[in-house]
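Please look at the sequence and the model together while reading this report. It takes up helices, a pair of strands, a pocket and some backbone angles in turn.

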Amino acid sequence: MQDQFSRTQLLLGREGMARLRAARVAVFGVGGVGGYTVEALARSGVGALDLIDDDRVCLTNLNRQIIATRRTIGAYKVDAARDRVLEIDPDCAVRVYKTFYTPETADQFDFTQYDYVVDAIDTVTGKVALVLQAQAAGTPIISSMGAGNKMDPTRLEVADIYKTSVCPLARVMRRELKKRGVKHLKVVYSKEPAMTPLEDDDISCRTNCICPEGTERNCTVRRAVPGSNAFVPPAAGLIIAAEIVKDLTGVRGNP
């Protein structure tokens with residue numbers, strides 16, 4: 001009998017679909033990258049998703065975040081993402097955590113319950129903590145490197161962190177992970193040199209912050225506000241989802 005996943009099953013087979021249905025994936029960061037990862041995993045038939053993010057949808061998110069619409073402005077991103085997932089697949093078990101992941105909040109999460117972890121957060125300390133926690137639990141993890149200030153989605157690649165180049169965030173992560181004895185980490189990164197955002201006081205988040213009321217960490221406290229677009233962060237998120245589906249099912253396509 002046909003269902004909403006029939007076209008996917010033609011590629012993955014019954015066993016592959018069963019593996020996805022039995023899987024629980026945690027997505028840390030439900031923004032420009034993570035939001036598209038969540039969307040693709042839900043549409044692929046992943047049976048359980050944990051969504052972790054303390055941010056709210058802002059008007060400035062509409063240019064790139066799939067959960068961002070005029071209707072969702074001001075809502076918690078995890079709530080907006082959960083609602084989208086359940087409209088796609090009402091049987092998906094979704095848990096939301098309105099939490100900013102840091103080493104101090106890491107003990108809220110038991111990584112042994114996850115089949116895969118997605119790191120789509122922005123802070124180096126948080127990213128390193130995620131990798132270490134996943135490694136300790138023996139849980140596969142994939143990390144997104146810098147997707148801001150880029151214009152060419154075709155420059156995105158999947159690689160081990162120690163084989164990356166150009167990306168400044170990847171460079172910092174290589175150094176920090178090497179210090180901690182981490183041997184491998186699958187990442188999505190871009191070899192495209194980052195652009196320098198234009199200076200425009202009329203639209204500066206520093207002087208014209210429009211973060212929704214109740215936002216814990218608005219743009220005025222960020223070290224830098226990167227430029228972004230509707231195609232590089234989403235492409236990174238979809239690549240991450242593809243890697244997870246291929247790893248969980250063992251189906252990788254023709255060489």
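## Terms and model

Helices (H or I, at least four residues) and strands (E, at least two) are DSSP runs, numbered from the N terminus. The model is predicted, so local features need pLDDT of at least 70 and side-chain atom pairs count only at pLDDT 80 or more, while totals for chains, interfaces and linings use all residues. Residues are numbered from 1 along each chain as its sequence is written, and side-chain values use heavy atoms, with hydrogens and water left out.

A pocket is found on a 1 Å grid over the protein atoms alone, as an open set of points where a 1.4 Å probe fits, with protein on both sides within 12 Å along at least five of seven lines; its lining residues have an atom within 4 Å of a point. The second largest pocket holds about 210 Å³ of space, a volume being the space filled by probe spheres set on the points, which are joined across faces, edges and corners. Helix H1 (6-21), helix H2 (34-44) and helix H6 (232-249) each supply at least two residues of its lining, and H6 gives the most, with six residues.

The 18 residues of H6 should span 26 Å at 1.5 Å a residue, and this agrees with the 26 Å between its end C-alpha atoms; the expected span is 1.5 Å times one less than the number of residues. Because 13 of its 18 residues are buried, H6 is largely enclosed by the rest of the structure. Here buried means under 20% relative accessible area, exposed over 50%, and partly exposed in between (1.4 Å probe, protein chains only).

## Helix H4 and its neighbours

Helix H4 (residues 124-137) has 14 residues and reaches 20 Å from its first C-alpha to its last, close to the 20 Å expected. Its buried residues, among them Val128 and Leu130, pack against strands E1 (24-28), E4 (116-119) and E5 (141-144) and against helix H5 (168-179), where contact means heavy atoms within 4.5 Å.

## Positive phi angles

Asparagine 149 is not a glycine, yet its phi is positive, at about 60°; it lies in the loop between E5 and strand E6 (156-160) and counts as buried, at 17% relative accessibility. Valine 166, in the loop between E6 and H5, has a positive phi near 75° and counts as partly exposed, at 43% relative accessibility.
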